[in-house]
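Let's take a walk through this structure together. Have the viewer open and follow along as we go.

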Amino acid sequence: MLGIKRKTWDHTYSRAALLFLTPSLVFFAVFFLFPLLFTLYLSFHEWDMLSSLRSSKWAGLANYAVLFQDHRFLKALTNTFIYVGANLLLMPLIALVVALLLQSVKLFPRFWRLIFFLPVVTSVVAMSLVWQYIFDPTFGPLNELLKLLGLQPQGWTMNPKQSLLSIIIVMLWQGTGYYAIIYLAGLMGVSREYYEAAEMDGANAWQKFWAITFHFLRPTTEFVLVIVAVNFFQVFTPVFVITNGGPVDSSNILGLYIYQTAFEFLKMGKASVMAVVLFVLVMGFSFMQIRIMRRTTYE
Amino acid sequence: MKKMLFLFPLLVLLSLMMLTGCAPQGPTTVRILAHWDATNSEAYKALISEYESQNKNVKIELQTVPFGDLMKKISTSELSENGPDIYHIYSAWLPELVNSKAVVAIPDDIAKDIGQGYAANIKESVSMGGATYGYPTELATYALNYNRKLFQKAGIAEPPKNWQELVADAKKLTKKEGGRVVQQGFGVITGWDSGVVHPWLSLLLSDGGKFLTDDNKKAAFNSDEGKETIALYKTLLDSGAINPEMSPANASTMGGYQNNFELGHTAMIIMANWWKGGLQSTMKENFADVMTAPIPMGPHGDKSSPIFYSWLYSVSSKSKHQAEAWKFLKWINSPKAAGESSRQGTWLMNQGIIPSRTSDQTANAQALSDPFMKTYVDLLKDATPFPIVMGGAEITATLQKQVEAVLFGQSAPNAALDTAEQQINAIVSK
């Protein structure tokens, strides 16, 4: 008898849970699952977006084969890895330093947090236009500053060797505040007692940072690294506005090349293959990161 | 009784549906999608109001996007059943739009009007496979623009007529400070496909070269003339007369290249007539120093022959109001009165753009003979249309990348042409 009641309760509970989850599931299916499956479908077809989908032609693996002979794609892929790699290396480092500074500052602490967080809430397009002007080799204030300091002005976004670096600088400036706030939240969770105990044992500042701060911030760092990878693999707007991938594709990244292939050359099949590659990269990279971080955490 | 209770609401519902169906319909809405800026759109809306006051049953809605987004907007609109009725398009996009049946061929009455009102080569530039796909609107071609004041300061009396003079003048007009070029003799554009390719092709054609073969099936620019044209860029670059850092254009076709010319940091540049309005509004009284001249001829050339392209109004195949759309287009493109310019022609002239209708060119002959515009108008007779070929955007982008590779020292001139030829042949062969 009890078993029957339990079953009925479980059944009712599951139905209720499903009912509550339905809006989220429908949203997920319409805006995530469907586009994902549609992209996969398109990657095996030739379609120009102008004609009806019914007139699209089956291409098999041709779009995949063409992709790896496309030098522009390989350049964009390489740039994407350099760009993501640089941000993975520098973003957590800078964000952690900023978070430590924000934690220790006693004069107007909220003001400083606001200052660092402002770029995060600023319009990306507006911010990119300002940076485009800052980097302008002829009129830009950055070169004027370099000249004032007696240094040689640079080509920045108009120099193929510096254009990707310029984009990385912008993204570090824009993203630091967000990741610093995440680190700051992590730092607030570290009990003062550990530091007091370490001080009693005669630990110096570096030992305290390494053994306590860095150790307790490991889950935060894990989260930051995954989010940085996911977000930065998909970057588009600042590159589109500041350099449009130039000069000579030196700052072109996968997100922008997908857009150009789809909407400028009207090759939805090839663009979809690139989107699939990007999806696999993001998933694989994030999965690998989580595995490595978990393994090192448990060790 | 129960049956009556059920039937009553049904009858009410049916009556309401019938009444709705019989109710007087609102005005037909015709939507136009174009890439005009805010000022020109406002001026266009005044024409729309005039049309609406004469046609109470029609409402015209103007939607505008930046040039860089226009084709994207068209392609996404085509996915909808309720997109714009009229597209204002660049003629190079016609093959893709016709191939996908996104636009319709002109009806008979419009064919008669276009046949009588436009020159054969202009009609040809909006036609494919024997069918015409819309009303030609603006014409754009390229000429050498130069800053008279900088020429005078450098002691140069006349604009260059050939490449030898071009190189010599560009060198004289170049100024360096601390090893950096602060005034370039000859400006180029980078980061915008047509901005890179059209001036380069204008030089190639003025050297007697060709872009594609006559049947548009293969690249033809990797020739002696093509090698001379890319070598010209390399010579100017090596001498410092071209400073690529002064060349950027953004996605909306504005940018550093224009600022540098307006501020007198660029002495010469090859550019289309449509930028006149922009230059005038920014340069104000300094615009008087902007002069135009034919494209300097190359060693194999016997005439200045720039690239030209046109724009057209076309009607979407998905439009439910095609007749109303063509009626409006005929109204705006027809002479306002006998011997007068069409509304479209006057609107284009106010922007410094050459109208394509013959009667508009005649009615605006005086305005078209101003020193800036006259060069462009004169050049049109020897201008070569940009090929109407499938993959036009990709071909342009491919050549752009290789010309830019030379400008930014990423590729040797002849190697760049070889790569461009190989890649473009692969695109057109499809």
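**Cavities and interface**

The second largest cavity has a volume of about 30 Å³, a volume being the space filled by probe spheres set on grid points that are joined across faces, edges and corners. A cavity here is a set of points, on a 1 Å grid over the protein atoms alone, where a 1.4 Å probe fits but cannot get out, and its lining residues have an atom within 4 Å of a point. Before going further, note that this is a predicted model, in which local features need pLDDT of at least 70 and side-chain atom pairs count only at pLDDT 80 or more, while totals for chains, interfaces and linings use all residues. Residues are numbered from 1 along each chain as its sequence is written, chains are lettered from A and ligands numbered from 1 in the order in which they are written, and side-chain values use heavy atoms, with hydrogens and water left out.

Around that second cavity you will find, among others, Ser91(B), Phe308(B), Tyr309(B) and Phe386(B). Strand β11 (residues 307-315) of chain B gives the largest share of this lining, three residues; strands (E, at least two residues) and helices (H or I, at least four) are DSSP runs numbered from the N terminus. By class, the lining has six nonpolar, three polar and no charged residues, where Ala, Val, Leu, Ile, Met, Phe, Trp, Tyr, Cys and Pro count as nonpolar, Asp, Glu, Lys and Arg as charged, and the others, Gly among them, as polar.

Now turn to where the chains meet. The contact (heavy atoms within 4.5 Å) takes 35 residues from chain B and 28 residues from chain A. Together the chains bury about 2,700 Å², 64% of it on carbon and sulfur atoms; buried area is the accessible area (1.4 Å probe) that two parts lose on being put together, summed over both.

Three salt bridges cross the interface of chain B and chain A, each a side-chain nitrogen of Lys or Arg within 4 Å of a carboxyl oxygen of Asp or Glu. Asp249(A) pairs with Lys401(B) in a salt bridge, with the closest N and O atoms 3.6 Å apart.

How values were computed
1 Å grid on protein atoms, 1.4 Å probe; cavity = no way out; pocket = protein on both sides within 12 Å on 5 of 7 lines; lining within 4 Å.
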